[in-house]
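Let's take a look at this protein together. Have the sequence and the 3D view ready, and we'll go through them bit by bit.

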Amino acid sequence: GGALTLNCNGYASCLTSSLQCPTDDPCDIDCIGQSACQNTNMYCPATQPCDIVCDGLRACGMTGANSVIHQLAPSTGTLTLICRNNQASCQSIDVTCPNKPGVCNIDCLAHTACQTMNLKRPTVGIEDG
């Protein structure tokens, strides 16, 4: 298989959706624009890299309308989450990291981008840019 990119580009383009990556292929989820992936369930591959970009005002988050990032079992891939370019891009979202050390990378690149984010173990690396 090859990498899959799920594009949610534009205002509320994937609002209240369920985005399912293939189980064993790399997957990118791009949420670009205001409320693009707000209140959305995202399912990362079981064994492959999962790269998610939340870019825009409340692109993936908002208190009461947060997104949830899930890992499919056995959860041995990697997760890279980039929250950028506007306030609250990942506010209050629930993030489950993969089930091995050193593979959960979260970049918070805007004011309040990751405010009240809920991170679930096992291993989390946070960079505050």
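Where in the protein is confidence lowest, and where is it highest? The lowest is in strand β11 (residues 125-128), at a mean of 44, and the highest is in β3, at 97. Confidence here is pLDDT, the predictor's own score for each residue, from 0 to 100. Strands are DSSP runs of E, at least two residues, numbered from the N terminus. Over residues 122-129 the pLDDT is below 50. Across the protein the mean is 88, and 91% of residues reach 70 or more.

This is a predicted model: local features need pLDDT of at least 70, side-chain atom pairs count only at pLDDT 80 or more, and totals for chains, interfaces and linings use all residues. Residues are numbered from 1 along each chain as its sequence is written, and side-chain values use heavy atoms, with hydrogens and water left out.

## A look at S89

S89 sits in the loop between β7 (78-84) and β8 (94-96). Is S89 buried or exposed? S89 is buried (under 20% relative accessible area, with a 1.4 Å probe and protein chains only), at 0%. A polar atom of the S89 side chain lies 3.4 Å from the backbone nitrogen of R84.

Note on methods. Helices (H or I, at least four residues) and strands (E, at least two) are DSSP runs, numbered from the N terminus. Buried means under 20% relative accessible area, exposed over 50%, partly exposed in between (1.4 Å probe, protein chains only). A polar contact is a pair of N or O atoms within 3.5 Å; within protein, one must be able to donate a hydrogen and the other to accept it, and residues adjacent in sequence count only if both atoms are side-chain atoms. Contact means heavy atoms within 4.5 Å.
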